[in-house]
Amino acid sequence: MSEEKLSFQAEVSRLLDIVANSLYSNKEIFLRELISNASDACDRLRYAAITQPDLSAEDSDFRITLALDKKAKSLTVADNGIGMNRGDLVANLGTIARSGTAAFVEEIEKTEGSLGLIGQFGVGFYSAFMVADRVEVSSRKAGETQGWSWVSDGKGEFTVTATEDAPARGTRVTLYLRKDAKDFLEAARLRQIVTTYSDHIAIPILLEPDAKADGEAGGETGGEAERMNSAAAIWTRPKSEITDEQYKEFYHHVGHAFDEPWLKLHFKVEGVIEYTGLLFVPSTKPFDLFDPTRKHRVKLYVKRVFITDDCEELLPSYLRFLRGVIDTEDLPLNISREMLQHNPMIAKISNAVVKRVLGELKKKAQKTPEDYAAFWNNFGAVIKEGLYEDSGQREVLLGLARFRSTAGDGLVSLADYLGRMKEGQESIFYITGDDFDSLAKSPQLEGFAAKDIEVLLLTDPVDEFWLPAVGAFENKPFKSVTRGGTDLGRIKAAGDTAAGTAADGEVQEQAAGLNALVAFVKLTLKDEVKDVRGSERLTESAVCLVADEGDLDIHLERILKQHGQLNAAAHRILEVNPKHPLIRRLAERVGESGAGEDLEAAARLLLDQARILEGEPLADPAGFAKRMSEIMARSLSE
Ligand code: ADP
């Protein structure tokens, strides 16, 4: 049959370029990647065969076979798993299916120049091109008769051809090794790599003697083939027998991960329901953490047989950073996807596992707060989703939550916050926004800073959603400093000195002038703001915007607008600082001369200033520039 030439997806080409030219010294990981793929392929067929036994009937002993051919300078990795047809080959070995691909390639490009950290990113199948200048894949999908061959030198293109020379079932990957990679033709070298990285693989990995390495791999196994791994599912083995290295390699395999696990949980539960779990929390943020599907990544096994990596009810979305397996004795092997839905057994396992994981996180938070902070910085935004999704665990999750605050650079817990509340303070104050630096400079914080009242600085979009759902912590309501009144007057603080009181007295005196100014500004800006009022929360700035008690928080409104979920803005309240020299002067001017064109311009400039402070676009930038220029010109000519 004729050969078809196809191009790699652009990202793959860029990736292959990096891979082929990489100075990465740990090239041996290519074998771990290929073995990992082969093992997944066997797992997938084993599961498919539960409902369609014909698929694996002819050969149900799953295995991975390595074969060396010193003459041809090739190494073959073969499996009798699910296999790939033409469509699969093109889709799987021509593109990168994972979400966040572009970010992923960019990240590699960034780090590759300096450190060659390719091993941290998992280039999967494509890592074959670190050691080979030509790769041939031939495959026959379980249940199909036609075999297919995929060939590439990793330079932009690959060919796909129908072939008779494919394994009876499964996939055979042959690497023609580069000159600088000939050490992988040594059996001893392969043994060492398999023991290091792939011992945990639960099906046998066999090494065929060289004489047989001529295309039969993946077909019959020769009696002389040497078994290279222990092939026992790692989670079934006693903890004491498993080394940290072995745990780590399993984590890399099961999680498609390349970092150190931050936390490992290995447990066996016996009793009414029996199950074993081996779960890991990564130490770095996976690229697809915020993928819209929010799928968790824990695989479900039944009696050591892989069932699915797509059992939604096994774990809640807010624990989707977990990697690993849950293996239960109590479900039938032939369980279908439909039977897994609303399955009471799964629900019970899920509940218990969630409790266990959260309990373990709590211990980490107490024992090693700094280490926990690293975890929280990676996954806190995901955990917070649980605050509104899982009301059953809400108290526990609030206990686990950490925040940046105006009290310092570190993370604080809500318990810390309560402990520092001031006399008369009834609420937990917070402000939400896009980043800490601009938040910390928000004018709305000035009054709180003056009284040394701590404010939580929240920058995760999810904060806007859990806060209204949760409402309060230990009966103290959460209150945004950019919404409604502040109650600042009622809170006593160490900073409340005589000077402060005197200033308040002055404010009383000027109340009349201020009222006139407020009325004037309100009239001028009546189409743009909901209200204008004197502010309790400002000490330095002249103005700020706040939302009315019942209205959307300013930051939430911005998020909704960015996502096209909100068109009209709720009008804000403009607060003016009665103690600010500018406001005082304006109040005097309104008293002296009433309305006037320059006062109107001043009112508009006040609103524009408040918008700029809020990081918002101006409604009329040209008008702003004109008014500003006029005022500057006037003051310069005075
Ligand atoms: P990953 O394994 O991280 O998804 P890879 O680039 O290693 O990425 O592989 C891409 C896809 O190709 C896999 O997800 C799988 O669907 C398919 N694949 C790779 N190797 C095999 C194999 N030996 N048998 C069947 N499918 C395979």
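The following legends describe close-up views of a predicted model.

**View 1. Surroundings of the ligand.**
The ligand is surrounded by 12 residues, and the closest are Asn37, Asp79, Asn92, Phe125 and His256. Helix H2, residues 29–51, supplies the largest share of this shell, namely three residues.

The side chain of Asn37 places an N or O atom 2.8 Å from an oxygen atom of the ligand. An N or O atom in the side chain of His256 is 3.1 Å from an oxygen atom of the ligand. At Thr171, a polar side-chain atom lies 3.4 Å from a nitrogen atom of the ligand. On its own the ligand has 530 Å² of accessible area, of which the protein covers 82%.

**View 2. Salt bridge between Asp327 and Arg304.**
The structure holds 43 salt bridges, and one of them joins Asp327 to Arg304. The closest N and O atoms of Asp327 and Arg304 are 3.7 Å apart. The pair links distant parts of the chain, with Asp327 in strand E14 (residues 323–328) and Arg304 in the loop between E12 and E13, 23 residues apart. Asp327 has a relative accessibility of 1% and therefore counts as buried. Arg304, at 36% relative accessibility, counts as partly exposed. Side chains of opposite charge can pair when their charged atoms come close.

**View 3. Salt bridge between Glu385 and Arg320.**
Glu385 and Arg320 form a salt bridge in which the closest N and O atoms are 2.8 Å apart. This pair also links distant parts of the chain: Glu385 belongs to helix H10 (residues 385–389), whereas Arg320 is in the loop between E13 and E14, and 65 residues separate them. Glu385 counts as buried because its relative accessibility is 8%. Arg320 likewise counts as buried, at 4% relative accessibility.

The side chains of Arg585 and Glu592 meet in a salt bridge, with an N to O distance of 3.7 Å. Arg585 has a relative accessible area of 41% and is therefore partly exposed. Glu592 is exposed, since its relative accessible area is 56%.

**View 4. Backbone of Lys303.**
Lys303 is not a glycine, yet it has a positive phi of about 45°. Most residues other than glycine have a negative phi. Lys303 is located in the loop between strand E12 (297–302) and strand E13 (305–308). With a relative accessible area of 33%, Lys303 is partly exposed.

**View 5. Backbone of Glu474.**
Glu474, although not a glycine, has a positive phi of about 45°. The residue is placed in the loop between strand E19 (472–473) and strand E20 (476–480). Glu474 is exposed, because its relative accessible area is 53% and the cut-off for this class is over 50%.

**View 6. Nonpolar surface patch.**
Met628, Met632 and Leu636 form a nonpolar patch on the surface. Together these three residues have about 320 Å² of accessible area. Leu636 is part of helix H21, which comprises residues 621–637. The relative accessibility of Leu636 is 70%, so this residue counts as exposed.

Gln393 is found in the loop between H10 and helix H11 (394–400). Its relative accessibility is 13%, and Gln393 therefore counts as buried, the cut-off for this class being under 20%. Gln393 and Asn351 are 42 residues apart in sequence, and their C-alpha atoms are 9.9 Å apart in space.

Terms used
Residues numbered from 1 in each chain as written. Predicted model: local features only at pLDDT ≥ 70, side-chain atom pairs only at ≥ 80, totals over all residues. Heavy atoms only, no water. Patch = residues over 30% accessible without salt bridge, like charges linked within 9 Å, V, L, I, M, F, W, Y side chains within 5 Å. Areas by Shrake-Rupley, 256 points an atom, 1.4 Å probe, with all protein chains shown as cover. Salt bridge = Lys/Arg side-chain N within 4 Å of Asp/Glu carboxyl O. Helix = DSSP H or I, 4+ residues; strand = E, 2+ residues; numbered from the N terminus. Buried < 20%, exposed > 50% of the residue type's maximum accessible area, 1.4 Å probe, protein only. Near = heavy atom within 4 Å. Polar contact = N/O pair within 3.5 Å; in protein donor to acceptor, adjacent residues only side chain to side chain.
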